[in-house]
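Please look over the sequence and the model shown here. A short report on the fold and on selected side chains comes after it.

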Amino acid sequence: MLNLFYITNRPVIATIAQEVGVDRIFIDMEYIGKDARQGGMDTVQNHHTVTDVANIREVLTSSELLVRVNPIHNKTVNFESSEDEILRTIDVGADIIMLPMYKTVAEVERFLKAVDGRAKTMLLAETPEACAMMDEVLKTQEVDELYLGLNDLHLALGMKFMFQLLVDGTVDKLASKIKATGKPFGFGGIARLGYGILPAERIITEHYRIGSTRAILSRSFCNADKVENVEEIHQIFMSEVAKIREFENSLLDYTSEQLEENRLETICLTNQIVEAISKK
């Protein structure tokens, strides 16, 4: 089964997600440089804080606490150094620290030294440079997990739609390298079943074909900031996570031919989406 993540800094939402079997609650502290990369786009820009990490830690009993920190940076008048940020995040209870936007081996080494074995480490490969040096990074034992960040990567490569990276062979190529090391990995985000510009069923099936074991539940799954009634949010999580798990159980019996059929249909749908975007 996929290890599911949900991004929130609200303890009540984290509690709901945990109760229905979401594996990791995701605190997103990244903000440095993000607006410049994604300004004007309908993307998530959270700017959570260390205080949010501490507050979510208090309500978690079974789900793990994943925290995305800022890209590697030095101390300035506006923000503390990466080392201080990582240390404070671990001190208040983060289980896994995610490093975004890395471009050099030196940045990865600095990140791993700052964590120093006190939490699990996850690299978010979302730059062309990160993908190019994947072989070298995978030799590092201290890297526990990886995630392929399709949103920023497709922007950097000048693509129209993030899942072009899934159908052009990029995800398969990187996944093959990661799988050879035995390190767990994931990619992209998934909506609730029946939703998403590229249906969630197609993407989940691709996770199984490729061997991915991690996935972020996107805003299309449940945008808790847009739903005022907490009970409604609870019902969405309870029913929709159950549907995903039921669908995953059906995939366990899929043949290689069925997985290939889904891959080809995903390519077809993605090409149609890209064509439609290009005409706007």
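## Basis

This is a predicted model, in which local features need pLDDT of at least 70, side-chain atom pairs count only at pLDDT 80 or more, and totals for chains, interfaces and linings use all residues. Residues are numbered from 1 along each chain as its sequence is written, and side-chain values use heavy atoms, with hydrogens and water left out.

## The barrel

8 strands close into a barrel, in the order β1-β2-β3-β4-β5-β6-β7-β8, with parallel pairing. On average, neighbouring strands of this sheet are turned by 30° against each other, direction ignored. Such angles run from 0 to 180 degrees between N-to-C directions, and the axes are lines fitted to C-alpha atoms, for helices over the stretch in contact. Strands (E, at least two residues) and helices (H or I, at least four) are DSSP runs, numbered from the N terminus. Two strands pair if DSSP finds at least two bridges between them.

## Strand β3 and its partners

Buried means under 20% relative accessible area, exposed means over 50%, and partly exposed lies in between (1.4 Å probe, protein chains only). β3 pairs with β2 (residues 24-28) in the parallel sense over 5 bridges. Strand β4 (residues 96-99) also runs parallel to β3, joined by 3 bridges. Valine 67 has isoleucine 97 of β4 as its bridge partner.

β3, helix α4 (residues 82-91) and β4 form a right-handed β-α-β unit. Right-handed means that, with the strands pointing away from the viewer, the path from the first strand over the helix to the second runs clockwise.

Arginine 68 lies in strand β3. Aspartate 28 stands opposite arginine 68. At 11% relative accessibility, arginine 68 counts as buried. Not counting residues up to four places away in sequence, arginine 68 touches Phe26, Ile27, Asp28, Met29, Glu30, Lys34, Met98, Pro100 and Leu124. Contact means heavy atoms within 4.5 Å.

## Strands β5 and β6

β5 and β6 (residues 145-148) pair in the parallel sense over 4 bridges. Leucine 123 has leucine 146 in β6 as its bridge partner.

## Salt bridges

The whole structure holds 18 salt bridges. Each is a side-chain nitrogen of Lys or Arg within 4 Å of a carboxyl oxygen of Asp or Glu. One of them joins aspartate 23 to arginine 245, with the closest N and O atoms 3.0 Å apart. This pair links distant parts of the chain, 222 residues apart: aspartate 23 is in the loop between α1 (11-19) and β2, and arginine 245 is in helix α12 (residues 230-251). Aspartate 23 is partly exposed at 26%, while arginine 245 is buried at 17%.

Arginine 57 forms a salt bridge with aspartate 95, the closest N and O atoms being 2.9 Å apart. Here 38 residues separate arginine 57, in helix α3 (residues 50-57), from aspartate 95, in the loop between α4 and β4. Arginine 57 is partly exposed at 23%, and aspartate 95 is partly exposed at 26%.

Glutamate 145 and arginine 214 meet in a salt bridge of 3.0 Å, N to O. Glutamate 145 lies in strand β6 and arginine 214 in strand β8 (residues 214-217), so the pair ties together parts that are 69 residues apart in sequence. Glutamate 145 is buried at 4%, and arginine 214 is buried at 11%. A network of salt bridges links Arg24, Glu64, Lys120, Glu145 and Arg214.

## Glutamate 126 and methionine 101

Glutamate 126 sits in the loop between β5 (120-125) and α6 (128-132). Its relative accessible area is 4%, which is buried. Leaving aside neighbours within four places in sequence, glutamate 126 is in contact with Glu30, Pro100, Met101, Gly149, Asp152 and Leu153. A polar atom of the glutamate 126 side chain lies 3.0 Å from the backbone nitrogen of methionine 101.

Methionine 101 is in the loop between β4 and α5 (105-115). This residue is buried at 12% relative accessibility.

## Positive phi

Most residues other than glycine have a negative phi. Methionine 101 has a positive phi of about 55° although it is not a glycine. Aspartate 116 also has a positive phi, of about 55°, without being a glycine. Aspartate 116 lies in the loop between α5 and β5 and is exposed, with a relative accessible area of 55%.

How values were computed:
A polar contact is a pair of N or O atoms within 3.5 Å; within protein, one must be able to donate a hydrogen and the other to accept it, and residues adjacent in sequence count only if both atoms are side-chain atoms.
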